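This report goes through a structure shown below, beginning with a single residue and moving on to the contacts between chains.

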Amino acid sequence: MIQIEYFLFVSAIMMFAGIYGFITRKSTLAILLSIELMLNAADINFAVFNRLLYPNGHEGLFFAIFGIAIAAAESAVAIAIMINIYRQLQNISVDQLTKMKW
Amino acid sequence: MNAQDIMFVILAVLIVCSSIATVVTKSIVRAATYLLFVLLGTAGLYFLLGYTFLGSVQIMVYAGGIIVLYVFSILLTSGKQERLTENSRLKSLSALLLSLVGLAVVVGIFWAHGFIGAETLTAPSEAATPSMHQIGEHMLSTDRKGYLLPFEAVSVLLLACIVGGLLIARKR
């Protein structure tokens with residue numbers, strides 16, 4: 001039988017795939033995609049722990065909803081920054097973004 | 001195995017394969033498409049848990065909004081050079097080793113210590129599936145289980161995000 005704990009294994013695999021992508025990717029947009037994977041794994045964990053430990057409350061559900069809203073805001077601002085960087089430098093690879101390096 | 005278990009296995013295989021494909025594929029448009037599959041599979045997991053409102057928010061905000069935003073910005077910024085550059089072998093091997101060790105630690109801890117009240121996956125009870133009415137009342141109430149303050153904080157955050165996005169990305 002499938003235990004509800006098995007959801008946590010799925011989200012752990014998603015989290016560490018995101019960490020791998022965050023370390024290895026060079027394009028800033030691909031790094032943002034990896035960050036979305038990690039945020040999504042955290043949201044799954046909120047919902048699963050709510051169901052697993054306190055099924056009659058709704059705290060994890062609301063945390064996950066607010067987490068989704070914050071992830072949307074974060075990715076919108078980050079994409080605006082990338083587009084601005086692209087206008088200035090015609091490149092969004094992290095190798096080339098050395099202008100602000102001290 | 002009942003129908004819920006079969007759905008969980010299908011969704012878990014979809015999510016695991018797509019999330020690994022998101023971080024190893026060479027084309028960034030494909031990475032965004034695989035991320036879309038991961039997010040839809042996650043919405044399926046929420047439906048399985050009985051959180052239908054959360055699943056529909058996930059589909060509307062993530063799959064409908066954020067992925068479209070990503071595809072737009074990929075097409076705006078990458079143009080011809082949409083292939084992702086390669087890493088050195090040592091760096092990708094060490095990153096792989098790091099994530100595998102972390103995954104082994106987390107999964108090992110889950111495996112060794114079962115959670116209190118761990119239950120098998122069954123159809124969620126009536127009390128565990130919040131209705132739209134309950135969610136709206138929680139969202140707009142100020143008592144002990146109300147979420148009016150974070151709700152308003154998120155609306156201010158979204159406003160700040162709109163203004164900031166326009167200010168950063170406008171043409172000068």
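## A buried tyrosine

Y46(B) counts as buried, because it has 24 C-beta neighbours inside 10 Å, and a residue is buried at 20 or more. The model is a predicted one. Y46(B) belongs to helix 2 of chain B.

Apart from neighbours within four places in sequence, Y46(B) is in contact with Y51(B), L54(B), G55(B) and Q58(B), and also with A47(A) of the other chain. S56(B) is 10 residues away from Y46(B) along the chain, and the C-alpha atoms of the two are separated by 8.9 Å.

## Contact between the chains

In the contact between the two chains, 60 residues of chain A meet 66 residues of chain B. On the chain A side, at least two residues each are supplied by helix 1 (6-24), helix 2 (28-53) and helix 3 (59-89). Helix 3 of chain A gives the largest share of that side, with 20 residues. Sorted by class, the side of chain A that touches chain B holds 44 nonpolar, 11 polar and five charged residues.

## The helix 3 pair

Helix 3 of chain A packs against helix 3 of chain B at an angle of about 10°, and their axes are 11 Å apart. Angles under 35 degrees count as roughly parallel, so these two helices are roughly parallel to each other.

From helix 3 of chain A, the residues making the contact include L61(A), I68(A), I79(A), M82(A) and Y86(A). From helix 3 of chain B, they include L54(B), Q58(B), Y62(B), L69(B), S73(B) and T77(B). By class, this helix contact has 17 nonpolar, five polar and no charged residues.

## The largest nonpolar core

The largest nonpolar core has 62 residues, and those touching the most other members are M14(A), L29(A), L33(A), A47(A), V48(A), A32(B) and L35(B). Two or more residues come from each of helix 1, helix 2 and helix 3 of chain A, and likewise from helix 1 (3-24), helix 2 (28-49) and helix 3 (52-77) of chain B. The largest share, 13 residues, is given by helix 2 of chain B.

Leaving aside neighbours within four places in sequence, L29(A) is in contact with M82(A) and I92(A) in chain A, and with I28(B), Y70(B), S73(B), I74(B) and T77(B) in chain B.

## Domains of chain B

Chain B is divided into domain 1 (1-80) and domain 2 (130-172). The C-alpha centres of these two domains lie 24 Å apart.

Definitions and conventions
Residues numbered from 1 in each chain as written. Chains lettered and ligands numbered in written order. Predicted model: local features only at pLDDT ≥ 70, side-chain atom pairs only at ≥ 80, totals over all residues. Domains from an automatic or database assignment. Contact = placed C-beta atoms within 7 Å. Helix = DSSP H or I, 4+ residues; strand = E, 2+ residues; numbered from the N terminus. Nonpolar A, V, L, I, M, F, W, Y, C, P; charged D, E, K, R; others polar. Core = buried A, V, L, I, M, F, W, Y, C linked by C-beta atoms within 7 Å. Buried ≥ 20, exposed ≤ 12 C-beta atoms within 10 Å, placed from the backbone. Axes fitted to C-alpha atoms, helices over the stretch in contact; angles between N-to-C directions. Parallel < 35°, antiparallel > 145°, perpendicular 65-115°, else oblique.
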